[in-house]
Amino acid sequence: MHRRQFCHSALMITASSWLLPGGSVSAQTTQRSLAAEDSRIKPLLAKMTLDEKLGQMVQAELGNLKDEADISKYSLGSVLSGGGADPAEGNSLQAWTDTVDRLIAQSRKSRLGIPVLYGVDAVHGHGNVLGATVYPHNIGLGCTRNAALVEALGHVTALEVRASGIHWTFAPCVAVPRDDRWGRTYEGFSEDPALVAELGAAAVRGMQQGGLQNPQAVLACAKHYVGDGGTSWGSTKRRDGSSGMDQGNTEIDEAGLRKVHLPGYQAAVAAGVGSIMVSYNSWNGVKASGIAHLLTDILKKELGFEGFLVSDYYAIGQIDSDYKKALMLSINAGMDMAMEPAQYQRFITTLRELVQEGSVSMARIDDAVTRILRVKSVMGLLDAGREQLADRKLHASFGGAAHRELARTAVRESLVLLKNDKQILPLKRSARRIHVAGIGADDIGMQCGGWTVEWQGKMGAVTSGGTTILQGLRYAAPKTTITYAVDGKGVEGADVCVVVAGETPYAEGVGDKADLSLSADDLALLARMQQSGVPVVLLVLSGRPQILGAALDQAAAIVAAWLPGTEGLGVADVLFGDHAPTGKLSVSWPRTMAQEPVNVGDAKYDPLFPYGYGLGYKA
Ligand code: GLC
């Protein structure tokens, strides 16, 4: 563990110091309007062949390129790395940067030399890359209620993404999760549309800080449009036949859709977001990827969205078993770019047929390509003579102390104190012994959750840098005896026991779960610790509220820590009282599963801990 990671308050970075001079400025005010690029794009569009236009409308995946030369051969518009799709050369920042530079250079060999946009899921920092600063997932950021902090984190994300040469992150997720059984609940800021809108816009401003013309800004992507957080449990079946809800059916009338699920997009568009990802889910039984009323009438016409729409991963093919029909429906509905990881040639061939037979108009193709080129133009990718290679000067700050200090601030402010009998918290440095237990106590992979190096994340040392919660406690109290046993052995005689329990990493539908009770192992551990007579502090690492059951009485104090990321030191800051807990629940915390879905504003509303709940320390 390098000392550099434990920076002192002298380096304490406050959120506001990350914003451009003069405080936060919305990308709208500093960003040139995207439509203003059209005069520059028109001559380029006129030169393009049909196939070059179709190439710009498709996104391939790094690991699925049949040949990197396909990028120039088909004049591909974009390449992505999905979760865990690291460069073959390895997962270092150097390997990522070299790979992206190589692919950009490849794209410049095409007839018109239009560079590819490279996209990645930097959803809580540049989590794909070893050594990146990984901050709390959105559910925890929602509990901070701190838009300036979220904006600052967006800017740090931009710096670390740009360090690797990448232009585009598929974030922020502005889902409004309404049923915690959803495996993507943690990707949403809150069940409250207004909070989602406020923080989603802040994330866009931070990521696109200074406008997309700023070479240290990244293209943000509000997702998943629209209603991804409102699907019904059981509306999808998983491969093993069990019920799920991810990519399922959102059953709600238009008024309800607008009230609950649209605000995040209204705010993101107003903040100048340059791309929006269309959702897998259906709206009242029809796949969103093919609904013109959503993609064109509401988003492009009513909200005036000037950027481009990208599909989710092979989502277009879910519209109809006949791919040609599905593609026609989606492009005509207003989809501009298709995420077709290995099927980019099929996309081009099929769409060429559709245009040649008149099923898709050239006007629609030109609109889609114009929208994509607007973004490339405002980002300087069409500027003659610019190599477009990565700014490697940014490597020095990648995963560095200053970024980690901001992430540590976010960890502190994301924690929600749910219970604190007899003021057992804050812990005392003067304690004779503090005993630590639980599967999450010394596990940075569990702290980070999904979308961290691996698509699903993974337990253990998933990434380098950062501090586990145990390491943070020991650093924060070097003179205090802090013992540890994952199974709690040796607790007898300690002044207090800290149990770190909760969910092991997951992402997307893999995390759909009918029962959110704490695991039997966690409950058994808590029971043993309580029987020892030593007072227990329970720290819950999870992507959503957990059904506490007996733990509610067994623990003297309970802290919701969500998925804090790499800076476990931020947890110690609060547990030892160097910073008081300020987090307020961004989601309602149910008593039992029978209450799901439970959301603030429900007619019958009786959760264990209501939306907005959070204790402080008594003075
Ligand atoms: C995934 C997710 C989406 C992500 C995309 C690329 O299936 O639904 O959030 O941005 O594919 O990884």
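1. The shell around the ligand in this predicted model comprises seven nonpolar, two polar and five charged residues. In this division Ala, Val, Leu, Ile, Met, Phe, Trp, Tyr, Cys and Pro count as nonpolar, Asp, Glu, Lys and Arg as charged, and the others, Gly among them, as polar.

2. For D312 the separation is 2.6 Å, for K223 it is 2.8 Å, and for E508 a polar side-chain atom lies 3.3 Å from a ligand oxygen. On its own the ligand has 310 Å² of accessible area, of which the protein covers 96% (Shrake-Rupley method, 1.4 Å probe).

3. I316 belongs to the loop between β12 (308-310) and α12 (323-333); helices (H or I, at least four residues) and strands (E, at least two) are DSSP runs, numbered from the N terminus. With a relative accessible area of 0%, I316 is buried (under 20%, 1.4 Å probe, protein chains only). Its C-alpha atom is separated by 32 Å from that of N214, 102 residues apart along the chain.

4. On conventions, residues are numbered from 1 along each chain as its sequence is written, and side-chain values use heavy atoms, leaving out hydrogens and water. Local features need pLDDT of at least 70 and side-chain atom pairs count only at pLDDT 80 or more, whereas totals for chains, interfaces and linings use all residues.

Conventions:
Polar contact = N/O pair within 3.5 Å; in protein donor to acceptor, adjacent residues only side chain to side chain. Buried < 20%, exposed > 50% of the residue type's maximum accessible area, 1.4 Å probe, protein only.
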